[in-house]
Amino acid sequence: MKNKILASLVLAGIFMSSSLCDPGSEILAAEQQESTNFTNDDLNYETETLKVNVEQKDTGYTKYWVAHVQTFSTEQLKSALCGGTYGNPRKTTSEELASHDGIIGINGSAFSYGSGEPAPGKTMIKGGRIYNDVYSNGNIFCVTEDGGMFTAAAGMTTKDLLNRGVQDTYYFQLINNYCFGPTLVENGEASEISGQFHQTSRYQRAAVGMVSPGDYYLVVVDGKGYGGSQGMTYQELQQVFLDLGCDYAYNLDGGGSATLVFKGRVLNMLTDNGKERACGDILYFVDAGNGSEGKDIVVHEDEGMIRSAGDSIW
């Protein structure tokens with residue numbers, strides 16, 4: 001025991017003397033400490049490749065969640081068919097997110113309760129693979145391999161979409177007067193809300209927006225009076241994304257499907273008797289270098305999209 005203590009003292013002395021001889025080592029240690037001084041708590045997640053900041057907003061009539069997500073690599077934006085299949089079984093957003101080691105995720109397309117298929121009867125591409133080969137009807141939300149987002153024009157084929165680099169698609173649906181869609185913001189301007197989407201009543205919503213590739217917002221709006229929140233109209237939700245400075249935004253499946261999961265916890269109020277609704281697909285983000293899907297992502301300097309001068313992307 002005495003020998004162990006003596007050895008420890010000797011090593012400590014060597015370390016102290018080397019620091020005194022080389023003041024630069026202290027500076028390096030301080031820089032290393034500063035570079036890892038990230039904020040991580042119930043509403044924040046920060047590493048060298050992923051930054052997520054979540055806030056709950058209250059307008060007085062509506063409460064909603066805003067998650068600002070910044071990635072280093074285009075590969076960190078992901079999409080998944082729930083249960084790994086195009087159709088049943090459906091899974092909840094939190095279940096599917098956990099199976100991919102995702103950090104934050106949101107529910108995606110409208111789906112068929114019978115078959116479980118997301119965007120039933122419409123264009124469906126996931127991971128660059130075609131699951132339903134039909135023409136775009138003009139309301140297909142597309143995510144490209146370079147992290148971009150756009151709405152496919154009517155008549156575009158799946159071949160057209162793949163040639164444009166589309167990796168994943170999502171789709172609105174109009175079922176029993178409940179609307180999932182439409183495009184809210186395009187090219188930084190408010191998109192026209194056509195007649196089929198005009199709703200005067202407020203409702204619970206889920207939507208995604210992009211400032212630029214690598215810089216995204218997820219928004220989920222509570223509704224039906226839960227927690228004192230009445231929901232939003234499409235126009236009100238559209239204004240949220242315009243105020244956030246988004247170049248593009250699209251409304252996803254809402255109502256009881258609307259779900260925002262962060263670090264394994266559902267943030268918003270659930271309106272299906274307090275339970276998560278199983279969905280057909282999700283949109284989510286992973287941390288590069290960590291987890292089953294992030295560990296193999298190689299981040300090169302020229303892939304960095306959100307970074308300041310120096311080595312840090314933040």
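1. Which residue stands opposite Asp215 in β16? Gln70 does, and the strands concerned are β3 (residues 63–71) and β16 (residues 215–221), which pair in the antiparallel sense over seven bridges; two strands pair if DSSP finds at least two bridges between them, and strands (E, at least two residues) and helices (H or I, at least four) are DSSP runs numbered from the N terminus.

2. On the basis of the note: this is a predicted model, in which local features need pLDDT of at least 70 and side-chain atom pairs count only at pLDDT 80 or more, while totals for chains, interfaces and linings use all residues. Residues are numbered from 1 along each chain as its sequence is written, and side-chain values use heavy atoms, with hydrogens and water left out.

3. The open sheet has eight strands, in the order β1-β2-β3-β16-β15-β17-β13-β14, with antiparallel pairing. Because β1 (44–46) and β14 (189–190) stand at the edges with a single partner strand each, one side of each is left without a neighbour in the sheet. Helix α5 (residues 234–243) packs on this sheet, touching β3, β13, β14, β15, β16 and β17, where contact means heavy atoms within 4.5 Å.

4. Ala258, in the loop between β17 and β18 (260–262), is buried at a relative accessible area of 3%; buried means under 20%, exposed over 50% and partly exposed in between, with a 1.4 Å probe and protein chains only. Leaving aside neighbours within four places in sequence, the contacts of Ala258 include Asn107, Val220 and Leu270.

5. Five salt bridges are found in the whole structure, each a side-chain nitrogen of Lys or Arg within 4 Å of a carboxyl oxygen of Asp or Glu. Lys126 and Asp281 form one of them, with the closest N and O atoms 3.1 Å apart, and this pair links strand β6 (residues 124–126) to strand β20 (residues 281–285) across 155 residues. Lys126 is buried at 6% relative accessibility, and Asp281 is buried at 0%.

6. Arg202 and Glu236 meet in a salt bridge at 2.8 Å, N to O, which joins the loop between β14 and β15 to helix α5; here Arg202 is partly exposed, at 36% relative accessibility.

How values were computed. Axes fitted to C-alpha atoms, helices over the stretch in contact; angles between N-to-C directions.
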